[in-house]
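Visitor: I would like to learn how to read the strands and the sheet of a model. Please take me through the terms as they come up.

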Amino acid sequence: MAHQVESERLVSVFAYPMPYEWSIGLYGSKFFQEIKQNRRFVGIRCNGCGKVYVPPRRVCGPCFQELAELVALSDTGVITAFSVVNYPFIDPNTGARRPIPYTYGYIKLDGADNIFSHIINETDLSKIKVGMKVRAIFKDTAEMQGNIQDIKYFDIVA
Amino acid sequence: MGRRVAIVGVGQTYHKSHRPDVTSREMIREAVTAALADAELTIRDIDAIVIGNMDHFESINYVDTYSVEGSGGVMKPIMKVSTGGTTGATVAIAAYYHVASGLFDRVLAIGFEKNSESDTTGAIITCSDAIWDRFSYSGAIPSLATEATAYMEKYGATQEDAAIIGERDRNNALNNPFAHLRRPLTVADIMASPMLAYPIKLGDICPRSDGACACVLAADGVAQKIARKPAWFKAAAVRHTYTWFGDSTDYNKGLVSMQRASKDAYQQAGITKPAEEIDVAELYLPYTWAGLKWIEDIGFCGPGEGVRFVRDGNTHMGGKIPVNPSGGVISTNCIGATAMLRVAEAAIQVMGRGGKRQVPDVKNALATGFGGCFWSDVVILSTERP
Ligand SMILES: [Zn+2]
């Protein structure tokens, strides 16, 4: 704890990292294993409503039932929405400033019914539009760590 | 069917970007004292308290106990409710449930935030999924921006169309002595402001404010003795979805949680033509495009008609259904209190205590809360005891 003087009133400062560990779950783990082994995505189908979720998870929220039918998907999708992030901020994942600008995108992966959020490798507003097709660019297999950054970003292909 | 419930007193602090003169608890006490004074009650008259702010913001947990000196909750039934951006509305609705249940006659609802003591963007990032979303997510602005890009693509709305909402709300704030940003902002100013995350510019987005808000709710039979003109709850609806953006957003359908919550609220209130039957709305519009798109989801106009509806002046003061006489979220945003300010300002309109921001002859007022990954609360207050 440090203290700074601000006129007569003191301010108490806290500036230490707080580490956590989160379980990814069985199907979430399969998602990253599929990327590492086959360089493609995997989703999961709900037998109640027919919806294909990606990433795969154990329960369909609206149906509130267990899911089990994994569905192999490709590595392509379509931009449903995006934004080019242009303001500086501290990334709570790293404690350091996240590099800007970068493009935050919502992508409908081919064969899935919900949206996947990730980074799109294009910050020039004249070259990106809702509806464009994109392809995932993965890390080299040897560098993969079984997390979301095994996908480097999505490239616009058309 | 629960008991009938009304808001009989409201209080709010003034709003600034930084209140180093007080701690959160001291700031809460300012709002509570004002609400009790408005209802001409003392803390001894209060049977129970519901309080909330944003999880992770100031890194203060258990705010129900942290705040007891400010809330007046020492050794009273008190609970914390925290639901992200909707918190203030959900707290008000939880207080409504308390009174409607028949267990408590007079309940205090409190929302607060000291944004100046939080890393707002960092804290909001931690609301997104740690495994899937947090790596690419960068706080409230870009997720809202994605909605704007999808809306512009679908209906051809422009950045100038959206800027009208900012101009409208910031102009309304001039009539509200409690508002944080009380300088007019024009469409041209907004268009010239720095691009934060395309297409959201500095002038399109809400500020970060310090402030607190409190409402006193009372039961039928008690409310009439406290207030000359109680603001009766006609409806309260909560629709919360996912913190996973991929599941909570469907831009072909619109803001589904708002559609569902408002539909439920209209059914509760017996309202069939919202734009005709609601006299004023205090909407949680954290960015300008929401003022075009979400009025479609609430049913003030049809899908894709938001731009025309706003450009025709329907939502301006003096229009068919004035939106945000207080100046709204774009003028004041103490996040855990922001949605309660919508409910409180709607109550002020129903009670006829709005001063320069009062809309004439209000019978029904609608308030909304909006949260994080696109979830919604809706409250309808009325001069008419339901
Ligand atoms: Zn299902």
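Guide: Start with the elements: helices (H or I, at least four residues) and strands (E, at least two) are DSSP runs, numbered from the N terminus. In this predicted model, local features need pLDDT of at least 70 and side-chain atom pairs count only at pLDDT 80 or more, while totals for chains, interfaces and linings use all residues. Residues are numbered from 1 along each chain as its sequence is written, chains are lettered from A and ligands numbered from 1 in the order in which they are written, and side-chain values use heavy atoms, with hydrogens and water left out.

Visitor: In what order do the elements of chain A run from the N terminus on?

Guide: The order is β-β-α-β-β-β-β-β-β-β-β-β-β, which comprises one helix and 12 strands.

Visitor: How does the radius of gyration of chain A stand against that of a compact globule?

Guide: The radius is taken over C-alpha atoms, and the globule rule is 2.2 Å times the number of residues to the power 0.38. For 158 residues a compact globule would have a value near 15 Å, but chain A has 20 Å. Its C-alpha atoms fill a box of roughly 65 × 40 × 35 Å along the principal axes.

Visitor: What share of chain A counts as buried?

Guide: Buried means under 20% relative accessible area, exposed over 50%, and partly exposed in between (1.4 Å probe, protein chains only). In chain A, 39% of the 158 residues are buried.

Visitor: How do strands of a sheet pair?

Guide: They do so through backbone hydrogen bonds, either parallel or antiparallel. Here two strands count as paired if DSSP finds at least two bridges between them. Chain A has an open sheet of three strands, in the order β4-β3-β7, with antiparallel pairing. β4 (52-53) and β7 (69-72) of chain A each have a single partner strand and stand at the edges, so one side of each lacks a neighbour in the sheet. Strand β3 (residues 42-45) of chain A is joined to β4(A) by two bridges; A:R45 has A:V52 as its bridge partner there.

Visitor: Which strands are joined to β8(B) by bridges?

Guide: Strand β1 (residues 5-12) of chain B is joined to β8(B) by two bridges, running antiparallel, with B:I7 opposite B:A231. Seven bridges join β8(B) to strand β11 (residues 375-382) of chain B, also antiparallel, and B:R239 is partnered with B:S376 in β11(B).

Visitor: Why is strand β8 of chain B largely enclosed?

Guide: Seven of the nine residues of β8 (residues 231-239) of chain B are buried, so the rest of the structure largely encloses this strand.
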